[in-house]
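Subject: Structure handover and notes

Hello,

Please find the structure below, followed by my notes on it. They are meant to be read with the coordinates open.

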Amino acid sequence: MALLELRGVTKDYELGKTVVRALRGLDLEVRKGEIVAIMGPSGSGKSTLMHILGALDTPTGGEATIDGQDLQRLKERQLVTLRGKRVGFVFQTFNLIQTLSAQRNVELPMIFQGTPKRARHRRARDLLEKVGLGDRVRHKPNELSGGERQRVAIARALANDPEIILADEPTGNLDTETGEPILALLRELSRRDGKTVILVTHDPDAAAIADRIVRLRDGCVSAEGRAVSEEVGTSSLGDDPERRREGGAAGAASPGDGPEGGAAENKEGSDG
Ligand code: ADP
Ligand code: MG
């Protein structure tokens, strides 16, 4: 069974008398340990989809399950636990607390889960070390570069050791050079730590780290396919043989058993 499963999911936002139909019958399956890139024009429902996958919001219709648990049947308390322990969020704008040090920002989710002080101090430092910021633990967000802030945000997302990482345009505010270590980290989280990673991006080079690309249009999946193809260009796979091999292997190993599997050729031009 897929770790995340959406069946005919709809999401309506009511704004006064108008209803925005953000998702219009979306089907998606994500297996454990996969990296899936979500692409699509602005307004196509990518962030709405992420909110539903992370149990931040519930669908208007259809069915959404995490590990077989139907999100609509969970009580608010269960949803809070699910969000806090099983899902880590990374946002385009980092969403760090400006008055707290990097270490305290990373500790916050552990405070909410009641992790004892010493354990959370140690874990926050270990996580900052893991993202390459072992020498920045006392820095506040405004004393860090954009790329460093996003790495703090990734460390924070990992605080409670979630199995699912949802990254909504994590490199959207960063230039290519600063974005690369962020993407490398996300890829490592999947490949080495077995995390399931969903990455929303406009950047084909960023999407190239994924096993699979899912394209949205008007609140539906418009195309789905392997990430490794001419559409993502060869520049990102470039001269790093390991990356090329991994990307190729991931593509080749993908059974493409989803209903829309194997539609990589289904090009539809650029996003946004
Ligand atoms: P994307 O992330 O692909 O740009 P979103 O999921 O943010 O798209 O938005 C999909 C559609 O839903 C857009 O038309 C947007 O204006 C609308 N929308 C998103 N969030 C809300 C909200 N909280 N209230 C009303 N409309 C919303
Ligand atoms: Mg968005």
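Helix α3 (residues 102-112) packs with helix α4 (residues 117-130) at an angle of about 125°, and their axes are 9 Å apart. Axes here are lines fitted to C-alpha atoms, for helices over the stretch in contact, and angles run from 0 to 180 degrees between N-to-C directions. Helices are DSSP runs of H or I with at least four residues, strands are runs of E with at least two, and both are numbered from the N terminus. α3 and α4 are therefore oblique to each other; angles under 35 degrees count as roughly parallel, over 145 as roughly antiparallel, 65 to 115 as roughly perpendicular and the rest as oblique. The crossing of α3 over α4 is right-handed, the term for a near helix turned clockwise from the far one by less than a right angle (anticlockwise is left-handed). On the α3 side the contact is made by A102, Q103, V106, E107, M110 and I111, and on the α4 side by R120, R123, A124, R125, L127 and L128. Two residues are in contact if their C-beta atoms, placed from the backbone, lie within 7 Å. By class, this contact of α3 with α4 has seven nonpolar, one polar and four charged residues. For the classes, Ala, Val, Leu, Ile, Met, Phe, Trp, Tyr, Cys and Pro count as nonpolar, Asp, Glu, Lys and Arg as charged, and the others, Gly among them, as polar.

Before the rest, the conventions. This is a predicted model, in which local features need pLDDT of at least 70 and side-chain atom pairs count only at pLDDT 80 or more, while totals for chains, interfaces and linings use all residues. Residues are numbered from 1 along each chain as its sequence is written, and chains are lettered from A and ligands numbered from 1 in the order in which they are written.

α3 also packs with α5 (residues 146-157). Their angle is about 30° and their axes are 8 Å apart, which makes α3 roughly parallel to α5. This crossing is right-handed. The residues that make the contact are A102, N105, V106, L108 and P109 of α3, with V152, A155 and R156 of α5. They divide into six nonpolar, one polar and one charged.

α5 in turn packs with α6 (residues 176-191). The angle is about 15° and the axes are 8 Å apart, so α5 and α6 are roughly parallel to each other. Their crossing is right-handed. G146, G147, Q150, R151 and I154 of α5 meet T178, P181, I182 and L185 of α6, and these residues divide into four nonpolar, four polar and one charged.

Both α5 and α6 lie across strands. α5 lies across β6 and β7 (164-168), at about 165° to β6. α6 lies across β3, β7 and β8, at about 150° to β8.

Those strands belong to an open sheet of six, in the order β6-β7-β8-β3-β9-β10, with mixed pairing. Two strands pair if DSSP finds at least two bridges between them. The edge strands, each pairing on one side only, are β6 (87-91) and β10 (220-226). Neighbouring strands of the sheet are turned by 15° against each other on average, direction ignored. Within the sheet, β3 (residues 35-39) and β8 (residues 196-200) run parallel and are joined by four bridges; A37 has L199 in β8 as its bridge partner.

A further open sheet has four strands in the order β2-β1-β4-β5, paired antiparallel. Its edge strands are β2 and β5, each pairing on one side only. Ten bridges join β1 to β2, and E5 stands opposite E29 in β2. β1 pairs with β4 (residues 61-66) over five bridges, with L4 opposite I66. β4 is joined to β5 (residues 69-70) by two bridges, and T65 stands opposite D70. β4 and β5 form a hairpin with two residues between them, and D67 in the turn has a positive phi of about 55°.

Last, the ligand. Around ligand 1 are Y13, L15, V20, A22, G40, S42, G43, S44, G45, K46, S47 and T48, where a residue is near a molecule or strand if its C-beta atom, placed from the backbone, lies within 6 Å of it. The elements giving two or more residues to this shell are β1 (4-15), β2 (18-30) and α1 (46-53). α1 gives the most, with three residues. By class, the shell has four nonpolar, seven polar and one charged residues.

Regards
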